Amino acid sequence: MRVQNDRVYALLKGRSQTEIANQMGCELTNVNYWLNGVRQPRYDRLCQLASVLDVPVDELAMTLRDIGNERRK
């Protein structure tokens, strides 16, 4: 699935959303929704996603919130 946001592209660090979903053991659509601001992950999934992406949880939460807010404009 296509990445719409440069910030998300930077978070992925060259990995695909499919790779992230496989590492997390979840559906690709969930990862795509989270990274494109369609939905916010539950806290446990947010922590897992932050771990996989190797970024602090609070930084990831703020980035995903900002992406979601941009999407709604």
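Student: What does the accessible surface of the protein chain come to?
Tutor: The accessible surface is about 4500 Å², and 47% of that belongs to carbon and sulfur atoms. Such areas come from the Shrake-Rupley method with a 1.4 Å probe; for residues, only the protein chains shown count as cover.

Student: Where do these values come from?
Tutor: This is a predicted model, in which local features need pLDDT of at least 70 and side-chain atom pairs count only at pLDDT 80 or more, while totals for chains, interfaces and linings use all residues. Residues are numbered from 1 along each chain as its sequence is written, and side-chain values use heavy atoms, with hydrogens and water left out.

Student: How many helices and strands are there in the protein chain?
Tutor: The protein chain has five helices and zero strands. From the N terminus on, its elements run α-α-α-α-α. Helices (H or I, at least four residues) and strands (E, at least two) are DSSP runs, numbered from the N terminus.

Student: And how compact is the chain for its 73 residues?
Tutor: Its radius of gyration is 11 Å, close to the 11 Å that the globule rule gives for 73 residues, so the chain is as compact as a globular protein of that length. The radius is taken over C-alpha atoms, and the rule is 2.2 Å times the number of residues to the power 0.38. Along the principal axes, the C-alpha atoms fill a box of roughly 30 × 25 × 20 Å.

Student: What share of the residues is buried?
Tutor: Buried residues make up 38% of the 73. Buried means under 20% relative accessible area, exposed over 50%, and partly exposed in between (1.4 Å probe, protein chains only).

Student: Change of topic. At what angle do α4 and α5 cross?
Tutor: The axes of α4 (residues 43-53) and α5 (residues 57-72) cross at roughly 110° and come within 9 Å. The two helices are therefore roughly perpendicular to each other. Axes are lines fitted to C-alpha atoms, for helices over the stretch in contact, with angles from 0 to 180 degrees between N-to-C directions. Under 35 degrees counts as roughly parallel, over 145 as roughly antiparallel, 65 to 115 as roughly perpendicular and the rest as oblique.

Student: Which residues meet there?
Tutor: On the α4 side they are Tyr43, Leu46, Cys47, Leu49, Ala50 and Leu53, and on the α5 side Val57, Leu60, Ala61 and Leu64. By class, this contact has ten nonpolar, no polar and no charged residues. Contact means heavy atoms within 4.5 Å. For the classes, Ala, Val, Leu, Ile, Met, Phe, Trp, Tyr, Cys and Pro count as nonpolar, Asp, Glu, Lys and Arg as charged, and the others, Gly among them, as polar.

Student: What about the loop between those two helices, where is aspartate 54?
Tutor: Aspartate 54 sits in the loop between α4 and α5. Its phi is positive, about 60°, although aspartate 54 is not a glycine. Most residues other than glycine have a negative phi. At 61% relative accessibility, aspartate 54 counts as exposed.

Student: And what is phi for lysine 13?
Tutor: Phi of lysine 13 is near 50°, also a positive value in a residue other than glycine. Lysine 13 is in the loop between α1 (6-12) and α2 (17-24), and it is partly exposed at 48%.

Student: Is asparagine 36 buried or exposed?
Tutor: Asparagine 36 is buried, with a relative accessible area of 11%. Its place is the loop between α3 (28-35) and α4.

Student: Last one: how far apart are arginine 65 and tryptophan 34?
Tutor: They are 31 residues apart in sequence and 9.5 Å apart in space, C-alpha to C-alpha. Arginine 65 lies in α5 and counts as partly exposed at 43%.
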